[in-house]
Amino acid sequence: MYAYDEYDQAIVDQRVSQFRDQVRRRIAGELSEDEFRPLRLQNGLYLQLHAYMLRIAVPYGTLSSAQLRQLGYIARRYDRNYGHFTTRQNIQFNWIKLEETPDLLADLARVQMHGIQTSGNCIRNITADQYAGAAADEIEDGRVYCEIMRQWSTFHPEFSFLPRKFKIALTGSPNDRAAVRVHDIGIRMHRNAAGEIGFEVMVGGGQGRTPMIAKTIREFLPKEHLLSYLEAILRVYNQFGRRDNLFKARIKILVHEIGVEKMRAAVEDEWQQIKDGPLVLPQATIDAIAAHFAPPDYRPQAAEQPEVERLRRSDGEFALWERTNLFPHKVPGYVIVNASLKPEGLAPGDATAEQMEIVADLADRYSFSEVRVTHAQNLVLPHVAVKDLPEVWRRLREIGFATPNLGLITDIIACPGLDYCSLANARSIPVAQRLTHRFSDLARVHDIGELQIKISGCINACGHHHVGHIGILGVEKNGEEFYQITLGGSADQDASIGTILGPAVSSKAVIDAVDNLIGTYLDIRQGRETFLHTVRRVGVAPFKERLYATA
Amino acid sequence: MPLLKNGKEVEDPWHLAVDGDALPVNGPVIVFLARWKAEREALLRRNIGVGVRLKNTDKVAELADDLDRLGVVALEFPKFSDGRAYTQARLLRERYAYRGELRATGNVLPDQLLFMHRCGFDAFEATDPRVLRNWENVVGAFSLFYQPTGDGRATVNGLRQTRAASDNEGSR
């Protein structure tokens with residue numbers, strides 16, 4: 001994976017010094033809170049309901065074991081012994097003291113991490129397929145281009161005060177695991193007719209109060225032009241994006257208002273003037289970054305693994321886990337292992353210091369010291385030899401990270417909600433917890449099959465409810481928590497926005513409501529049809545009818 | 001109002017003529033774009049320096065043909081969080097090769113000076129006195145930069161290429 005050189009390190013170190021000075025000036029009263037706010041936000045420091053929250057970037061979801069171990073240390077030293085992995089592949093610490101943040105950031109800088117641009121109206125952490133560099137189905141390791149974009153976007157002087165935040169996601173696989181179509185810019189690597197690999201560029205996707213699917217603005221962009229093309233899009237957005245209304249300031253609104261044709265024309269016009277300038281990526285630059293992502297030293301593996309075979313036959317739990325939580329690796333004899341951070345009854349995406357340290361140890365021993373964070377708030381050991389699966393499974397099970405529920409009904413995405421967040425209208429985590437209790441029978445969970453429930457505590461949609469197969473949005477009515485349910489959303493290559501089912505249901509009724517929807521699905525599904533396919537085939541009407549008939 | 005120019009506090013010789021006001025008899029003057037377009041010939045005939053102040057919604061291309069006649073182009077930050085003038089500044093410097101004074105006006109705060117400087121601003125109206133005090137500090141906060149912006153600073157990628165070239169040289 002990418003390792004900083006002395007230039008990258010100096011920039012992050014200088015940032016720590018700068019922020020140390022800004023915090024000092026704030027505490028000394030030289031900076032007002034209004035002036036300090038954008039400065040702390042650009043370091044990922046939010047003021048939440050109960051304390052400061054620090055959001056730390058995990059660029060394109062890739063962590064080294066040393067970095068994860070350091071996050072564990074930070075959880076113990078500066079927080080209440082846990083952290084929360086987010087829907088943007090970042091990690092948040094919820095109980096931070098302002099005066100300690102400079103030291104915390106210095107501790108992060110020691111392992112080449114930071115909170116730069118994890119907030120504010122700038123280009124945010126760039127997200128990617130969590131299986132990049134390992135997945136059997138990928139065209140190319142997209143992290144190379146994510147790192148190139150990371151450097152370009154870091155302290156970009158022209159784009160640090162955009163109309164609104166700006167999120168870029170990239171997938172190097174035709175099977176989109178990065179939700180690129182609900183990002184401000186989505187990038188999909190693919191081959192053109194001549195067999196060259198380049199980028200499809202999509203623009204104007206997003207969630208929030210006006211969910212939209214991104215539109216293709218360029219079918220095929222040669223690699224060397226990646227940065228100039230992005231700069232052209234950002235330049236058009238910086239000039240013409242709306243600044244009169246916070247809720248209409250994202251690029252999706254600009255694209256929607258002027259239309260994708262006009263947007264394309266404006267971007268192309270700008271791009272023509274800069275495409276052959278200093279942002280051109282020479283092959284040598286791409287190669288130098290790509291060298292960091294060279295494959296690890298895979299070992300030839302025996303085709304037969306009698307030990308694993310035996311466990312598979314003798315232990316149903318292992319067999320179920322193996323069937324559910326693994327993903328095919330591009331190298332024979334290896335698999336991608338998902339550690340489920342969705343055990344029954346706990347907050348989705350939370351991990352304690354000890355859990356982080358044990359996953360880091362597992363990565364050192366069994367996954368070439370690499371870990372990934374997924375936007376679905378799980379962790380991944382990307383390169384595990386099949387022969388090591390029994391041991392990895394046992395260790396993950398010991399720390400509660402081996403629930404065989406990946407992609408199933410209890411693999412719930414949830415934002416922090418009203419338990420932490422100052423924007424929230426309702427709680428998210430307790431709804432997720434109650435759902436995991438209701439659906440604790442694994443046989444039933446597996447019978448229901450592939451199903452993504454996504455919960456947001458407010459319309460900002462950090463919990464991605466618009467693209468949940470079942471989306472749950474917390475709203476507040478007369479001081480009480482209610483939940484609005486949507487059906488049929490999807491964040492993958494067939495992205496769609498869910499349809500609102502009907503009036504919001506009470507907090508008390510929401511678990512029964514989900515159960516009711518599952519009952520309808522089980523009754524009307526055809527063969528092995530997934531929940532999403534059933535909704536797409538029959539529409540929301542049968543679900544709605546049964547839900548509100550009994551309500 | 002004090003002016004920070006090229007890192008130093010200087011007396012501002014320029015007078016901003018608000019639309020509708022008569023031009024001063026003497027001294028260089030800055031006018032808004034509409035007045036510049038309407039009174040261009042007369043302003044040039046004064047022969048004592050003229051500058052133009054653009055709103056951040058004005059198109060800098062409108063000045064493209066006149067840039068070598070202007071002593072100042074002033075851009076506006078109505079709020080520090082409104083970053084449109086950063087793009088205007090880069091276009092003036094990099095696309096239209098403007099070499100005169102490029103001035104930041106409005107809500108100019110110390111912690112934004114480096115971004116502004118990187119985009120081509122070399123003069124800052126210091127409504128906030130901290131702007132004058134913190135120049136060295138703020139501009140010196142970073143010594144390395146990723147993006148090529150035409151400000152003359154070396155980029156990290158440029159430094160890497162130079163190093164790679166000299167490494168190759170050395171190994172031969």
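**Questions on chains A and B of a predicted model**

Q: As what does Ser369(A) count: buried, partly exposed or exposed?
A: A residue is buried if 20 or more other C-beta atoms, placed from the backbone, lie within 10 Å of its own, exposed if 12 or fewer do, and partly exposed in between. Because Ser369(A) has 18 C-beta neighbours inside 10 Å, this residue counts as partly exposed.

Q: Which residues are used for the totals of chains, interfaces and linings?
A: Residues are numbered from 1 along each chain as its sequence is written, while chains are lettered from A and ligands numbered from 1 in the order in which they are written. This is a predicted model, in which local features need pLDDT of at least 70 and side-chain atom pairs count only at pLDDT 80 or more, whereas the totals for chains, interfaces and linings use all residues.

Q: In which loop is Ser369(A) found?
A: Phi of Ser369(A) is near 65°, a positive value in a residue other than glycine. Helices (H or I, at least four residues) and strands (E, at least two) are DSSP runs numbered from the N terminus. On that numbering, Ser369(A) is found in the loop of chain A between α12 (353–366) and β14 (370–373).

Q: Is Asn478(A) buried or exposed?
A: Asn478(A) is found in the loop of chain A between β18 (470–477) and β19 (480–487), and its phi is near 50°, a positive value in a residue other than glycine. Because 5 other C-beta atoms lie within 10 Å of Asn478(A), this residue is exposed.

Q: Which residue in the turn between β4(A) and β5(A) has a positive phi?
A: Strands pair if DSSP finds at least two bridges between them, and 2 bridges join β4(A) to the antiparallel strand β5 (residues 91–96) of chain A, with Gln92(A) in β5(A) as the bridge partner of His84(A). The two strands form a hairpin with 5 residues between them, and the turn residue with a positive phi, of about 65°, is Gln89(A).

Q: What is the bridge partner of Tyr82(A) in β13(A)?
A: Strand β4 (residues 82–85) of chain A is joined by 3 bridges to strand β13 (residues 350–352) of chain A, and the two run antiparallel. In β13(A), the partner of Tyr82(A) is Thr352(A).

Q: How many helices and strands does chain B have?
A: The C-alpha trace of chain B spans about 70 × 35 × 25 Å along its principal axes, and buried residues make up 38% of its 172 residues. Along the sequence, chain B follows the pattern β-β-β-β-α-β-β-α-β-α-β-α-α-α, and its secondary structure comes to 6 helices and 8 strands.

Q: Which element gives the most to the side of chain B that touches chain A?
A: Two residues are in contact if their C-beta atoms, placed from the backbone, lie within 7 Å, and 25 residues of chain B are in contact with 27 residues of chain A. The elements of chain B that give two or more residues to this side are α2 (84–95), α3 (113–119) and α6 (156–171). With 5 residues, the element that gives the most is α2(B).

Q: Which element gives the most to the side of domain 1 of chain B that touches domain 2 of chain B?
A: An automatic or database domain assignment gives domain 1 (3–141) and domain 2 (142–172) of chain B, and their C-alpha centres lie 31 Å apart. The contact takes 9 residues from domain 1 and 5 residues from domain 2. On the domain 1 side, α2 and α3 of chain B give two or more residues. The element that gives the most, with 4 residues, is α3(B).
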